[in-house]
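User: Could we go through this model together? I would like to understand how the chain is put together.
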Amino acid sequence: MSAAVERLAEALGLGLVETTLGVVAVLGFVVALVWGRLRRRWRSARARRQGRYARRAEVRAGRWLQKEGFELIEEQAWRDWVVRVNDDEEVVRLSADWLVERAGKRYVVEVKTGKRAPSVRNSATRRQMLEYLCAYEVDGVILMDMESGELVEVEFPVRVVRE
């Protein structure tokens, strides 16, 4: 490589040290670029795998809910929810996994997989369920842990006033 660097230095009219540093910098940039692209592809592939796994779990959850006596009202129940921010209205789009009914009560069911997400101790899961309780104006929210096979009704100490 030193002969190639010497020829490049001569062609560019630079010293050997400056040329070597330039070659190292360019190679470092190329390595960083390739590494970044590989990382993005790996993350994207992992996200797709996780998405497929979660989607299959949601389908299984529907069958499971029916066996538990729930009537399936809506899968992937999308809602636009209007929240006020400094007197301005912001519309946020929500998607609950299932909207179900049993014994005259309506519930949002959140299906979770993995080790941490299916717990009310997970702040993101807890906040999501509280948001659903308010936005969907349901009687309750149910957390469905597809890993352990647990179906948990979660109650929050709030009162939702329906209009």
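Analyst: What follows covers the overall layout, the strand pairing, the aromatic pairs, the cores and the backbone angles.

User: Before that, what kind of model is it, and how are residues numbered?
Analyst: This is a predicted model, in which local features need pLDDT of at least 70, side-chain atom pairs count only at pLDDT 80 or more, and totals for chains, interfaces and linings use all residues. Residues are numbered from 1 along each chain as its sequence is written, and side-chain values use heavy atoms, with hydrogens and water left out.

User: How many helices and strands does the chain have?
Analyst: The chain has three helices and five strands. Helices (H or I, at least four residues) and strands (E, at least two) are DSSP runs, numbered from the N terminus. In order from the N terminus, the elements run α-α-β-β-β-α-β-β.

User: What is the radius of gyration of the chain, and what would a compact globule have?
Analyst: The chain has a radius of gyration of 27 Å, whereas a compact globule of 163 residues would have one near 15 Å. The radius is taken over C-alpha atoms, and the globule rule is 2.2 Å times the number of residues to the power 0.38. The C-alpha trace spans about 85 × 45 × 25 Å along its principal axes.

User: What share of the residues is buried?
Analyst: Of the 163 residues, 27% count as buried. Buried means under 20% relative accessible area, exposed over 50%, and partly exposed in between (1.4 Å probe, protein chains only).

User: On to the strands. In which sense do S1 and S2 pair?
Analyst: They pair in the antiparallel sense over 13 bridges; two strands count as paired if DSSP finds at least two bridges between them. S1 and S2 form a hairpin with two residues between them, and asparagine 86 in the turn has a positive phi of about 50 degrees.

User: What about S2 and S3?
Analyst: S2 and S3 also pair in the antiparallel sense, over five bridges. The bridge partner of leucine 99 in S3 is valine 108.

User: Where does alanine 103 lie, and is it buried or exposed?
Analyst: Alanine 103 lies in the loop between S2 and S3 and is exposed, with a relative accessible area of 77%. Its phi is near 55 degrees, a positive value in a residue other than glycine. Most residues other than glycine have a negative phi.

User: Where do phenylalanine 70 and tyrosine 107 lie?
Analyst: Phenylalanine 70 is in the loop between helix H2 (16-67) and strand S1 (71-85), and tyrosine 107 is in strand S3 (residues 105-112), so the pair links distant parts of the chain, 37 residues apart. Phenylalanine 70 is buried, with a relative accessible area of 5%, and tyrosine 107 is buried at 8%.

User: And which residues form the other pair?
Analyst: Tyrosine 132 and tyrosine 136 form an edge-to-face pair, 5.5 Å centre to centre with 85 degrees between the planes. Both tyrosine 132 and tyrosine 136 are buried.

User: Which residues have the most contacts inside the largest nonpolar core?
Analyst: They are Val108, Tyr132, Tyr136, Val138 and Val141, in a core of 15 residues. A nonpolar core is a set of buried Ala, Val, Leu, Ile, Met, Phe, Trp, Tyr and Cys residues joined through side-chain atoms within 4.5 Å. Strand S2 (88-102), helix H3 (123-135) and strand S4 (140-145) each supply at least two residues of this core, and the largest share, four residues, comes from H3.

Technical notes. Rings of Phe, Tyr and Trp (its six-membered ring) pair if their centres lie within 6.5 Å; planes under 30 degrees apart count as stacked, over 60 as edge-to-face and the rest as tilted.
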